[in-house]
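I opened this notebook to keep track of what I looked up, one topic at a time. The entries below are in the order in which I made them.

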Amino acid sequence: MKLIFITTCITLGILVGCTKKELPSPKKEDAVVDVPTTVVNAPPLKTGPEAEKAYARMLGANLKFLGSLEKEVLKLLLEGSSPEVNQFEVLSFGFDKFNGAKTGFLQGFGCQKIAVRAAPKKYEIYSECTKPAKKLAEINEDLSNKNRLTIVFLTSNWKVILGNAAGINPERTCEVTFKDNKVQSLDCKDTVFSPRFTGVDINLYELKIRKYLFNRNQANELMIEGGQYKDLIENKKISMTVPMSGKISIIEKELKVKDDFADMQNKLLGLEEQKQEKKNEEEVSGKQENITPHTAEPEYIDAQKAEEQSQTSSGTVQSEGQGQENQNGEQSQQGQDDSQSQNNGEIPPEQAPPGEAEPNSVPATPPPQQPYGR
């Protein structure tokens with residue numbers, strides 16, 4: 001039994017010892033595993049006619065928004081005298097035609113032939129109702145930032161909207177920025193508006209805006225500061241603030257202005273009035289000089305002259321009318337009394353002229369002089 005067991009163990013040992021053993025594989029270094037990555041590149045800028053058309057459509061839509069914004073500003077500042085159309089609305093009308101959109105009638109501008117001429121990084125807007133065409137504005141893209149552009153309005157060619165103010169004000173310049181194809185901010189300089197009047201008025205009225213800011217990211221989205229002018233003289237300061245939420249604030253301050261031209265007119269009118277008054281006074285004084293004033297001293301006359309005067313005055317008064325009969329009677333009675341006193345050898349003191357009394361008569365002492373009317 002032992003022999004069998006020993007033989008079996010030896011046999012198993014031989015079998016196990018003769019089995020080919022695999023050598024351990026050498027340790028491999030950690031291999032770098034290539035992980036697939038996705039590289040996202042910026043979309044290439046679209047170029048060509050399609051890109052230009054897309055940009056022009058975006059620009060036309062934003063100009064329409066700016067036109068609506070300015071229309072509301074003018075309604076708040078000028079109320080019933082705001083113009084029917086503004087400059088941004090005219091540009092928007094031109095871009096609608098340029099983009100092939102349907103357009104209605106441009107109310108308040110007159111000319112309906114608004115043309116947009118495209119150039120590299122630039123647009124020019126013309127009014128083609130006259131020859132040569134009048135350039136209204138130009139839009140220049142920022143070479144470093146496609147989302148920024150500058151709009152320049154040639155003020156001298158906007159007389160239809162601005163009236164006489166178009167020829168005396170500089171060009172209006174507006175800086176516009178975009179974000180997500182929408183207007184982000186607007187900053188305009190040298191902005192001027194002209195109120196619309198239905199009647200005839202020779203005065204020049206202007207609304208000049210020194211500060212015209214719009215920004216979607218600010219608490220006060222819109223801020224306006226300027227003044228109202230009459231004949232180039234500022235007579236009112238205006239400040240308006242439109243917040244994102246809440247009430248609109250409009251502050252107007254009247255200014256006390258010294259108008260030299262008006263003062264000169266009033267001065268001239270005053271001189272004319274003084275001359276007229278002086279002339280009237282001279283005419284009145286001339287009439288008074290023609291009237292013989294009464295003397296305070298009585299006039300001494302003899303009896304014969306007194307009788308002649310009484311007869312003359314009596315006949316004159318009778319010819320003038322019945323209403324003077326009492327006065328004539330008194331004058332006639334006075335003449336008779338004088339003649340009686342002459343017959344008695346007495347000369348009344350009121351009839352004896354000084355230095356002409358008769359030798360036998362005693363001249364009466366004249367009464368003292370008294371002011372006229374007493």
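**Ground rules.** I am reading a predicted model, in which local features need pLDDT of at least 70 and side-chain atom pairs count only at pLDDT 80 or more, while totals for chains, interfaces and linings use all residues. Residues are numbered from 1 along each chain as its sequence is written, and side-chain values use heavy atoms, with hydrogens and water left out.

**Salt bridges.** I began with the general point that side chains of opposite charge can pair when their charged atoms come close. For the search, a salt bridge is a side-chain nitrogen of Lys or Arg within 4 Å of a carboxyl oxygen of Asp or Glu. I found 14 salt bridges in the search of the whole structure.

I looked up Glu141 and Lys121, whose closest N and O atoms are 3.9 Å apart in a salt bridge. Because Glu141 lies in strand β3 and Lys121 in the loop between β1 (114-119) and β2, this pair ties together parts that are 20 residues apart in sequence. Strands here are DSSP runs of E with at least two residues, helices are runs of H or I with at least four, and both are numbered from the N terminus. I noted that Glu141 is buried, with a relative accessible area of 12%, whereas Lys121 is partly exposed at 41%; buried means under 20% relative accessible area, exposed over 50%, and partly exposed in between, with a 1.4 Å probe and protein chains only.

I then turned to a network of salt bridges that links Lys122, Glu124, Lys135 and Glu138. Within it, Lys122 pairs with Glu124, the closest N and O atoms being 3.9 Å apart, and Glu124 also meets Lys135 at 3.4 Å, N to O. Glu124 lies in strand β2 and Lys135 in strand β3, so their pair ties together parts that are eleven residues apart in sequence. Glu124 is buried at 18%, and Lys122 is partly exposed at 25%.

**Backbone.** I checked the loop between β2 (122-127) and β3 (134-141), where Pro132 has its place, and found that a cis peptide bond joins Lys131 and Pro132, with omega about 0°.

Which residues in the loop between β5 (172-179) and β6 (182-189) did I look up? One is Asp180, found in that loop, with a positive phi near 55° although it is not glycine. Another is Asn181, placed in the loop between β5 and β6, with a positive phi of about 60°. Asp180 is exposed at 67%, and Asn181 is exposed at 53%.

**Buried threonines.** I found Thr155 in the loop between β4 (148-153) and α4 (159-162), buried at 2% relative accessibility. A polar atom of the Thr155 side chain lies 2.7 Å from the backbone oxygen of Pro170.

Thr191 is in strand β7 (residues 191-193) and is buried at 2% relative accessibility. I noted that its C-alpha atom and that of Tyr212, 21 residues apart along the chain, are separated by 7.8 Å.

**Surface charge.** My last entry concerns a patch of negative charge on the surface, where Glu273, Glu277, Glu281, Glu282 and Glu283 gather. Such a patch is made of residues with over 30% relative accessible area and no salt bridge, like charges being joined within 9 Å. Among these residues, I placed Glu273 in helix α5 (residues 260-290).

Terms used. Patches are made of residues with over 30% relative accessible area and no salt bridge: like charges are joined within 9 Å, nonpolar side chains (Val, Leu, Ile, Met, Phe, Trp, Tyr) within 5 Å. Accessible areas come from the Shrake-Rupley method with a 1.4 Å probe; for residues, only the protein chains shown count as cover. Lys and Arg count as positive and Asp and Glu as negative; His and the chain ends are not counted. The place of a charge is taken as NZ of Lys, CZ of Arg, CG of Asp or CD of Glu. A polar contact is a pair of N or O atoms within 3.5 Å; within protein, one must be able to donate a hydrogen and the other to accept it, and residues adjacent in sequence count only if both atoms are side-chain atoms.
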